[in-house]
Amino acid sequence: MNALAERIARSIAGNGPLTIATFMTMALHDPYFGFYAVRESIGAQGAFTTAPEISQIFGELMGLWCAQVWCDQGRPAHPRLVELGPGRGTLMADALRALRVMPEFCDSLEIVLVEASPVLEAMQRERLATCGVALRWVKSLSDIEPDRPLFLIANEFLDALPIRQFVRTERGWCERMVTLDTSGELAFALSPFAAAIQPPPRRGDADLGAVFELAPAALALVEDVGRMLTAEGGAALFVDYGYADQGFGETLQAVRHHQRAGILDAPGESDLSAHVDFASLARNAAPASAHGPVSQQAFLRQLGIAARAEQLAARNPDAASEVAAGVARLLNPESMGTLFKVFALAPGNAPPLPGF
């Protein structure tokens, strides 16, 4: 066992089994050993590579999308641009550079980065030190006052929020827990008691052994965002891997150095994530209206990724092949083009959103 596994084992021995949500929170955010708290999670040395690291066009289009929505909503005063989980600051840097063509949007813009990881916040501060605009950092969305039009971006954020898993048994839906086996190692087990929970009827009938995943933190977040948008205007844009509707199945996974790993193996050394249930999020965001999900491929094409790639290649012919390779990776169905989905929220009376 590594140090965090030992800490988790002691907690279980003293207080009983943990929900998967609690295990995920400890594995990702423990202040001394958590994956996001102490490690560089993104890039060659991390667990994964995100779209902003693949092509600058991704972040540029996200920023310009916000500015276009602001224009379409009548250019409300004092907009606030928020990014959830800003990674290494690459997306925001690219977005702000693109937004120079819209100075009227930026003039009274407040920019807030929501980051729980001290390691990543330090990288963001370094990356954005010369961006030329005032920035502030907070630990959670609840630290942001709901007093301005909100323009929110979140790329690969929802998938890392803690989930719970329930398994259909003859006793009913029993929660999957993290406990200790007879040798003292971390192991999965089912609660002996059925939970007072039922999956949405749209999922249909469940066979014995079927798994139902629930993401309480994600549901609470979109509820808060929907309330803020309804009150003050704006829009929220989420890019993540997930599904619009499905029956049953488990999607929780661990990734370490770009390879799959055991979920309970060496906690704190792997990224943990689960596919996003966009249909459930849409229902929880009411009365805000939900848009999508649409594939990342379709969304980026609608926003003009091809034209921007041609422009970059023409300005720097030596980088043309690199630009093309990055765009292909974002759009290719066998890479990120259809695996990743784009989902947005806006006030119920808002004009149509670009890309949907």
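A pocket here is an open set of grid points with protein on both sides within 12 Å along at least five of seven lines, and its volume is the space filled by probe spheres set on the points. The model is a predicted one.

**Stop 1: the second largest pocket**

Now colour helix 4 (51-54), helix 6 (90-98), helix 12 and helix 13 (320-331), each of which supplies at least two lining residues. Which helix gives the most to the lining of this pocket? Helix 13 does, with 4 residues. Coloured by class, the lining shows 6 nonpolar, 5 polar and 4 charged residues.

**Stop 2: R308**

Stay with helix 12, which covers residues 305-315, and pick out R308 within it. Is R308 buried or exposed? Its relative accessibility is 18%, and buried means under 20%, so R308 counts as buried. Show its contacts next: leaving aside residues up to four places away in sequence, R308 touches Q56, I57, E60 and R315.

**Stop 3: the largest cavity**

Rolling a probe the size of a water molecule over the atoms shows where empty space is left. Searching the whole structure gives 1 cavity of 30 Å³ or more. To find the largest cavity, select A27, G262, I263, D265, A266, P267, G268, S270 and L272, which line it. The space inside is about 30 Å³. By class, its lining is made up of 5 nonpolar, 3 polar and 1 charged residues.

**Stop 4: helix 1**

Select residues 3-15, which form helix 1. At 1.5 Å a residue, its 13 residues should span 18 Å, and the distance of 18 Å between the end C-alpha atoms agrees with that. Now highlight L4, A5, I8, A9 and I12, the buried residues of helix 1. Looking down the helix axis, you will find them within an arc of 140°, so they line one face of helix 1. Their cover includes strand 1 (18-19), helix 2 (20-29), strand 7 (172-180) and strand 8 (186-194). Turn to the face that points away from the buried side: the exposed residues there are R10, A13 and G14. Finish at G16, which follows helix 1 and has a positive phi, near 100°.

Methods. Residues are numbered from 1 along each chain as its sequence is written. This is a predicted model: local features need pLDDT of at least 70, side-chain atom pairs count only at pLDDT 80 or more; totals for chains, interfaces and linings use all residues. Side-chain values use heavy atoms; hydrogens and water are left out. The expected span of a helix is 1.5 Å times one less than its number of residues. Buried means under 20% relative accessible area, exposed over 50%, partly exposed in between (1.4 Å probe, protein chains only). The arc is that of the directions from the helix axis to the C-beta atoms. Contact means heavy atoms within 4.5 Å. Ala, Val, Leu, Ile, Met, Phe, Trp, Tyr, Cys and Pro count as nonpolar, Asp, Glu, Lys and Arg as charged, and the others, Gly among them, as polar. On a 1 Å grid over the protein atoms alone, a cavity is a set of points where a 1.4 Å probe fits but cannot get out, and a pocket is an open set with protein on both sides within 12 Å along at least five of seven lines; lining residues have an atom within 4 Å of a point.
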